[in-house]
Structures are given as structure tokens and as C-alpha cells.
Amino acid sequence: MSLTDASAPTTTRRLSTSKAMVEAIAAEMDRDQDVFVMGEDVGAYGGIFSSTTGLLDRFGPQRVVDTPISETAFIGAAIGAAVEGMRPIAELMFADFFGVCMDQIYNHMAKIHYESGGNVRVPIVLTTAVGGGYSDGAQHSQCLWGTFAHLPGMKVVVPSNPADAKGLMTSAIRDDNPVVYMFHKGIMGLPWMAKNPRSVGPVPEEDYEVPIGKAAIARPGTDVTVATLSLSVHHALDVADELAGDDIDCEVVDLRSLVPLDTDTILESVGRTGRLLVVDEDYRSFGVSGEIIARVAERDPGLLTAPPVRVAVPDVPIPYARGLEDAVLPTADRIRSAVFGVMGR
Amino acid sequence: MDTATRLDLYRMMVLIRTFEEAILREYHADKKPVFDIGAGAIPGEMHLSAGQEPVAAGVCAQLTSADAVTATHRPHHFAIAHGVDLHRMTAEIFGRVDGLGKGRGGHMHLFDPDVHFSCSGIIAEGYPPALGQALAFQRRGTDGVAVAVTGEGAANQGAFHESLNLAALWKLPVVFVVEDNEWGISVPRSASTCITSNADRAAAYGMPGRRVEDNSVEGVHQAAAEAVARARTGEGPSLLEVHTLRLWGHFEGDPQAYRHDLDGVPGRDPLPTYEQELRSAGVLDEAAVTSAAADASERVEDAIAFARRSPAPAPKEAADLVFA
């Protein structure tokens, strides 16, 4: 089974994003003895953001492995295990920590397949928590997916909801390539953080894949395409619902993965609406928002009836104070203003 | 040590040296009169391992093709000693389609999964993946061992220390090998490292550490036997440092103006030293020396001819093989 549309789940069972992620991991661990989990606090704690809750009890310490705070060593070890045909899931607790282990990620995980002329595969899933909105400061709040997507050799998936979190995790584990699975803390459904209402949603019980590289139309509309990802999908949906009363019909495109990027779905949407707003919680310059606008411009700038607009984190570190952080994040207020702007209102 | 083993070690050292001399010849042949690092049939940086043959020959004699080796930016000696396909390795150095990496890797990025061989051009960063290979062997209940190689300059990198800790913590079947050739490019060991033996660092991680002096292939062979046996029987990792010799420059084209020990280098060449030792012991005679050289030359020239026959990869395929 494969889910290609956001509206596909027909189940009434509702799970949080974190539980949906864990369900996919558990099912794959049941199915394939080569799948195992390693990372900091993935065992008894169950993952700081509940990405591995219950797996230790179910699979034991041989397959759910707490590691030292030693990302270079354990992510490198995951890469070596993958080279030998195992299918590790390694967790980098925060994407912000990539600096201490980026050589393993970028020079090894991402390049071995190419350097080996395709003779060595590296089927690893690197899970990592991203995003801000809860005053965790400049070193624990970044998204950084643009950085990972910039570097060739890694698939990058960014689920926004429980059903996709499960299906994308299943696809990621089964993929023969390295997949960076970036989950936003704000959509995990954590009891200790302001919960987005859509962080709990319907999730089919059976195994299914959400194909990596296929965006979803999270909300169809005719006036403006809002291309976005992860938590920002929900802010965009909230604004879209609100603006429907102002006779502005937003189409929200949930990218779901950055590598590969589903350029066709973006172009088809822009072809229908003629207007493009990109909402991205990563930094503004040299990133996802610029890339998407460039792809539209490269293919057919005539699709656009108005200049494209982007809402992203201005090029500053994520501030601590609540008011300051809210000023730089892509909040509903900023998205709303941008929609009015692109609509010429 | 028995005669057959000594002959094998000698012949392996001769094969490696013959290969490196042939690559040296081919590398420079079309870079004259003006040296251009990006020109010629073999372009790019070229780090040759002449002088370090005893380390690879001694260690790999204890391994089988089911064991893993992760080597460095200077990988040829370990690749050859571990049984990497010589034809395809040479073709990769020439950047041809029949190369191990179909021309995508180059001489610092040789991968031969048939013998679990890989290398990394980033100092010390070949250690962590070796842990994972060892972990896979351990999980699958094989008695496979992963050998992780770096130079002495790498022993001051974080990846080195993280790897030693994790391997010891998880009792992984790893043998950490440090090739101390005394030079991190132009920086002498005395200016980079606060202790005289990196083997002492093993104590900090609760594993045995041993340093082999004098670039002795038989010393390496014996020390590696203990370390590999320890790993194979589930007792965990060991650290083995070998005081070896960088006979040539850091890379080809390195003028080595910084190197004040050059006058003494030829006298420390391990190959004539070992040959003389074996002759004196009655293990080698003129016929055996001639035959080792002839056999090595035949294999190496055959591999170079294979590489030269192999086509260059099509430029339009440069973007292929990023993903499986």
C-alpha cells in the first residue's frame, strides 16, 4: 500500500506523530532483523522527543542501543554497519549538533555509494529533531534541512503529520540510500510542549509506504500556492482556513521531502494559481525558499502572475526571548501578511 | 618465524613497492616538463606508500577476505595486502570505467566490498565506519575483524578518541593501526604529539596498546597476530602503532624542503633491509629475489595495461550513481 495524497488515510485510529514514527520503526524491526536503532537516550528514555518510545522494552538493548555522547563514533559506526548490509537507524538528537559529526554524514554516508561506483550501498536512516518555537536558543532550534538537502547523496524527508511520519519512516528504512529523516519537535505531539492540533491524526494500522519524493496537496486552492514543509504546513493550513472567509483560496503544498524535491507538483500548482509563496522555517538565504522559486523560474517564469514571496527565518541565529523568536519564525501572522502581499491586497 | 611466512611477507612488500614505483612512473610520465597536478593519465593528489610496506604486509597477513580494512588517503599498500582486485584498483587510479568506483572515487577512495575494503581521505575519519563493520560482524556471529588504519597525525583528532572509546565500550572486534611515519605532511611528530608512543593512549580506553619499532615487518606480523586473535575471540579491540617510514613526499610534487632527515631516509628503506636479513638467514637467494621481482612486475604491468585499456567514463554519466 502506498499513500500519495494527504487525504488518503481512511482509518479512525488517531496517533501522535511520535507514536506513528515508532510504529513504523517497530514494524520494520519485526520484519527485518537487520534493522536496529542507535543514538543518545533512545533506550530507557525513549528518545528525548519520543522518537523511540517503547522500542527498548520490545526489542531489547541489542537492537535499541544507547550510545555515548559521541556522534562521530556512533554515526560512523552506523555507516559501517550499513556498508555491511545492516539497516541502522541512527539518531542525531538535534539537527543543530551536526557540526560535531558532519564529516561522517557528508563525507562518508552521503558519498560512499558514488565514490564506489555504486558498488557499496549505505542503507541508513539518520533521524534528527529540528525546529524552534519554545525558546531553546540558537543551538537547539534550527531546521537546517536546506544544509542537508544542499549536499548530494542523501535523501531528505520532512514529515508534517502522523500518517506521513509513519509512511515516510517505512519508506526510509526500506530505501537502499541514506535518508535523513527530520522531524519537527512541534509536530511530535509531546505532552510537554505546545501541541499543534494536527500533531495527532488518523494513521492506518497496516504497513504502508509514503513514497519519498512525492509532495502532497494538503489543501487544494485556486489563488495562491503556499509551498511549505513540516510544522509550517500547519500554520499555512490555519491561515488558509482563515482567509477562505476573505475570498482568498490558498493551495497548500506539503513538500514531504526535499531530496528528491517534487518539482512537478509545485509547478502544476503554480500553473493553476499563478502565485507562489514559500514558507520555510530554515534560514532565508541560499536555502529551500530560493531553490523552489529558482525551479519555477527555470522551468517557466511565465507561470507567475505576481512576483514570488517567501517567509523564512531572516538570516539571524534563532533568538531566545519569546518575542524575539516569534519575530523570526514563520508564524501565521507573517504568512497571512505574505498571502495578502502576493494577492496585491 | 617459518620460512614460508617470511617469504610471503617479503614477496608482498616487493609487490607493493613495485606497484608504487609503477604508479610513480605513470603519474609523472605526462606531467613533464611542467608539473601540473591535474594533468595526465593519473591526475590529482597522489600519496604513495613506499616505505610503509611492512605495516600492511604484516597486518594483512593475519586477515582473510572476510575481514574488513579501512585505510587512509595513502591506501595502496593496505589495499594490495588485503587482496583488493589489483586490476580494478589500478583502473580506478587511472579514473576508468573498469575501476572499483567507475572513475568516481580516485586513489583516496577505493572500495572493494568483496574483501570489505574501503578508505577515507579525511584524517582519522576512517575509524568510525570500521566500528560499524565490526559491529555487523559481532551481531551476525561471524569471527570477522575490522582493521582501522590511520597515521600518527590522526591520533590527535576527535574521531580517533571517540572510536577507541566506543570500540572498547562495546568490545568490538577492531584492531586500530597507527602508521607513525613521523610526518603530518610537513609537521614533525614532535610538533604535533605530546607523548612519544600513541600506543600509550590505549590505556586511557582500557585496551592493550603496543608500539612496534624499526619498521619491522616481522614485529608487525607478531603484534598483529595478538591483536587480531584478541578481536577474533571476542575480547575486544587493540591499538597497534608502527614506527614506519615515509620514503617519498607526502604527495607527489611535494618538494620536502621542510624535511631535514632526508639524507638518512634511503638507509632506512625497509625493503633492502629485510631482503638482506632474509639473505643472511638463508631464506632468500638470488633466484628467489629475481622471481619475486619478476612476478610482481608482471602483475603490476598487467594491471596497468588493463587500466590503460579501460575506457574513460562518459562525461554525460557524471551525475549517475549518486543514489542506488
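1. Helices (H or I, at least four residues) and strands (E, at least two) are DSSP runs, numbered from the N terminus. In this predicted model, A:Asp103 is placed in helix α4 (residues 102–109) of chain A.

2. Some conventions apply to every point of this note. Residues are numbered from 1 along each chain as its sequence is written, while chains are lettered from A and ligands numbered from 1 in the order in which they are written. As the model is predicted, local features need pLDDT of at least 70, side-chain atom pairs count only at pLDDT 80 or more, and totals for chains, interfaces and linings use all residues; side-chain values use heavy atoms, with hydrogens and water left out.

3. A residue is called buried under 20% relative accessible area, exposed over 50% and partly exposed in between (1.4 Å probe, protein chains only). A:Asp103 has 17% relative accessibility, so this residue counts as buried. Contact means heavy atoms within 4.5 Å. Leaving aside neighbours within four places in sequence, A:Asp103 is in contact with A:His108 and, in chain B, with B:Ile122 and B:Glu125. A:Asp223 is 120 residues from A:Asp103 along the chain, and the C-alpha atoms of the two are separated by 44 Å.

4. Chain A is divided into domain 1 (16–202) and domain 2 (216–342); such bounds come from an automatic or database domain assignment. The C-alpha centres of domain 1 and domain 2 of chain A lie 25 Å apart. Their contact takes 30 residues from domain 1 of chain A and 26 residues from domain 2 of chain A.

5. A nonpolar core is a set of buried Ala, Val, Leu, Ile, Met, Phe, Trp, Tyr and Cys residues joined through side-chain atoms within 4.5 Å. The largest has 81 residues, of which A:Ile105 and B:Phe176 touch the most other members. Helix α3 (residues 71–83) of chain A gives the most to this core, with eight residues. At least three residues come from each of domain 1 (16–202) and domain 2 (216–342) of chain A. A second, separate core holds 69 residues, including B:Leu110 and B:Ala296.

6. Not counting residues up to four places away in sequence, B:Phe176 touches several residues of chain B, among them B:Tyr127, B:Leu131, B:Met207 and B:Pro237.

7. Chain B has nine helices and eight strands. Its radius of gyration, taken over C-alpha atoms, is compared with the globule rule of 2.2 Å times the number of residues to the power 0.38. The radius of gyration of chain B is 19 Å, close to the 20 Å given by that rule for 324 residues, so chain B is as compact as a globular protein of that length. The C-alpha trace of chain B spans about 55 × 50 × 40 Å along its principal axes. Of the 324 residues in chain B, 55% are buried.

8. B:His250 is found in the loop between β8 (238–243) and α8 (270–280) of chain B. This residue is buried, with a relative accessible area of 8%. Not counting residues up to four places away in sequence, B:His250 touches residues including B:Glu45, B:His73 and B:Tyr258.

9. For "domain: Transketolase-like pyrimidine-binding" (unreviewed entry), UniProt lists residues 15–190 of chain A; positions are given in the numbering used here, feature names are shortened, and annotations may be inferred rather than shown by experiment. That span is 36% helix and 19% strand, and its end C-alpha atoms lie 12 Å apart.
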